[in-house]
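Welcome! Here is a friendly tour for anyone meeting this structure for the first time. Take a moment to look it over before reading on.

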Amino acid sequence: MLDRNDVAATWIDESSGTVSREIFVSEDIYRLELERIFSQVWLYVAHETEIPNPGDFVTRTMSDAPVVVVRCDDGSVAVLLNSCRHRGVRVCRVDSGSAKNFVCPYHGWSYDQHGRLLTTGFDKLLPAGTDLSTLGLVRVPRIDSYKGLIFASWNPNVASLADYLGDFRWYLDIFFARTPGGMEVVAPPQRSRVKANWKTAAVNFGADNQHIFTTHVGPFAVQPVTIPWPQRRQAMEDGVQVVAEGRHCVTFTLTKFDVPFALYPPELRTLLATRLNPDQQAVLSGLISGAGTLFPNLSFIERMIPSTEPGAGKTVLLRLWQPISAGEMEIVSWCLVDRESSPTYRERSLSDGLRNFGVAGLFEQEDVELWASIGHPSANPFAQAHPFNFRTAVPVLHSPVTDFAGPGDAYRPLLSEVTQFRFLQYWNRMMTGAK
Ligand code: FES
Ligand SMILES: [Fe+2]
């Protein structure tokens, strides 16, 4: 067992750009992550549009604890530990739904939407003076939201969500709050289990631009070409990757179109210019694709729908990498659209999202097959003597560019591994108690 006061400070080596293999396979390190990261920070739990009405709920996991995220009768959101206060049974047994009360299936203890115990069913048999108000479902102490994204934290003393997101809000706005209506989820999330460490996915989306040219060469070869490759290559040159607050990462492939927001359906173009400031608009208007990771385990991606028509629109996905163990995670994946989208575009966007990032999606299968092959060969001491390489981060690590308008540390080239490496450096600081 890893001694909590004796964690290695050598997991990440800045001078060589190397990262220990152990952090992707060790169960001891995974348990320490639950304690030092997942129990401490804000975690994404749901999108507001998944639970629009009183009684609407979804079941999720925070750290390694099952929770119910529920819209209460007063419009507030409660996040409740999904474990009965009687004998611990999982009270809510479905992924989502709408309920006035939650009744435990074992002996019938009943709770309201706020988690308050209404009755045990045998109240008369309780000792005199038993106070039912002390026996409600355990409430997650901190809940807040930003532009439709609901977060919660097990840490009652965590800094505000606004502070935690900090400058990264500038980028979240571009993806999730660029029209008056904001974004909404199109359908319930797809869920799948993958035998890979959660950080593998977090850094891939936060963002591994190099793998696109090998892992995903297949779909690019067969899908319709919206933007000719010379222009796309230039867009990668003109793109930028950013680390905000030292922990949240985003990457953009950028070009310039004659028509602002040319990749979006015409009915959305004027709306896209109404909420963002001019610098944010300039990014979104020329955005071919973008991806990012909000520390620790929420990623997102926006990519153009392959079509010979530039206005075919975009696919936007939120992706949660929910750790199950050092070697396994659950992927929870939502498709979103701007609320003002037409039914046709909504359908097209969802369909493209599922074709490429659904459980059987082209990009998804290409990625997870490779991620799942990392653990086994990395678990033995012969391999662990040889760390992973993020060496292309080193030449630019301390040289952010200054010509990008957004906040945070911006870097070029897009193909360096600098944001992934900085994500892991922040992870290392939290794990070693330096943060
Ligand atoms: S365990 Fe829930 S009512 Fe007994
Ligand atoms: Fe990928």
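Two strands are said to pair if DSSP finds at least two bridges between them. Please keep in mind that this is a predicted model.

One contact to look for joins Val 70 to its bridge partner in E6, Ala 78. E5 and E6 form a hairpin with 5 residues between them, and Gly 75 in the turn has a positive phi of about 90°. Strand E6 (residues 77-81) is mostly covered, as 4 of its 5 residues are buried.

Next comes an open sheet of 3 strands, arranged in the order E1-E2-E21 with antiparallel pairing. Strand E1 (12-13) and E21 stand at the edges and have a single partner strand each, so one side of each is left without a neighbour in the sheet. E1 pairs with strand E2 (residues 18-19) in the antiparallel sense, over 2 bridges. Here the bridge partner of Asp 13 in E2 is Thr 18.

## Salt bridges

How many salt bridges does the count come to? The count is 18.

| Glu 50 | Arg 60 | 2.9 Å |

Let us begin with the salt bridge between Glu 50 and Arg 60. Glu 50 lies in the loop between strand E3 (43-47) and strand E4 (56-62), and Arg 60 lies in strand E4, so this pair ties together parts that are 10 residues apart in sequence. Both Glu 50 and Arg 60 are buried.

Glu 328 belongs to strand E20 (residues 328-338), while Lys 195 sits in the loop between strand E14 (190-194) and helix H4 (198-204), so the pair ties together parts that are 133 residues apart in sequence. Are these two partners buried or exposed? Glu 328 is buried, with a relative accessible area of 13%, whereas Lys 195 counts as exposed at 57% relative accessibility.

Glu 302 lies in strand E18 (residues 298-304) and Lys 314 in strand E19 (residues 314-325), so the pair ties together parts that are 12 residues apart in sequence. Glu 302 is buried, with a relative accessible area of 0%, and Lys 314 counts as buried at 0% relative accessibility. Salt bridges that share partners join Arg 178, Glu 302, Lys 314 and Asp 338 into one network.

His 211 lies in the loop between H4 and helix H5 (212-215), and Asp 367 lies in helix H11 (residues 362-371), so the pair ties together parts that are 156 residues apart in sequence.

His 211 counts as buried at 13% relative accessibility, and Asp 367 counts as buried at 3%.

## The largest pocket

About 400 Å³ of space lies in the largest pocket. Its lining is made up of 17 residues, of which Thr 200, Asp 208, Ile 374, Phe 390 and Gln 420 lie nearest the centre. H4, H11 and strand E21 (388-389) each supply at least two residues of this lining.

## One last stop

Finally, look for Phe 257 in the loop between strand E16 (248-254) and helix H8 (266-269). At 22% relative accessibility, Phe 257 counts as partly exposed. Phe 257 and Glu 184 are 73 residues apart along the chain, and their C-alpha atoms are separated by 27 Å.

Note on methods:
Residues are numbered from 1 along each chain as its sequence is written. Chains are lettered from A and ligands numbered from 1 in the order in which they are written. This is a predicted model: local features need pLDDT of at least 70, side-chain atom pairs count only at pLDDT 80 or more; totals for chains, interfaces and linings use all residues. Side-chain values use heavy atoms; hydrogens and water are left out. A salt bridge is a side-chain nitrogen of Lys or Arg within 4 Å of a carboxyl oxygen of Asp or Glu. Buried means under 20% relative accessible area, exposed over 50%, partly exposed in between (1.4 Å probe, protein chains only). On a 1 Å grid over the protein atoms alone, a cavity is a set of points where a 1.4 Å probe fits but cannot get out, and a pocket is an open set with protein on both sides within 12 Å along at least five of seven lines; lining residues have an atom within 4 Å of a point. Grid points are joined across faces, edges and corners, and a volume is the space filled by probe spheres set on the points.
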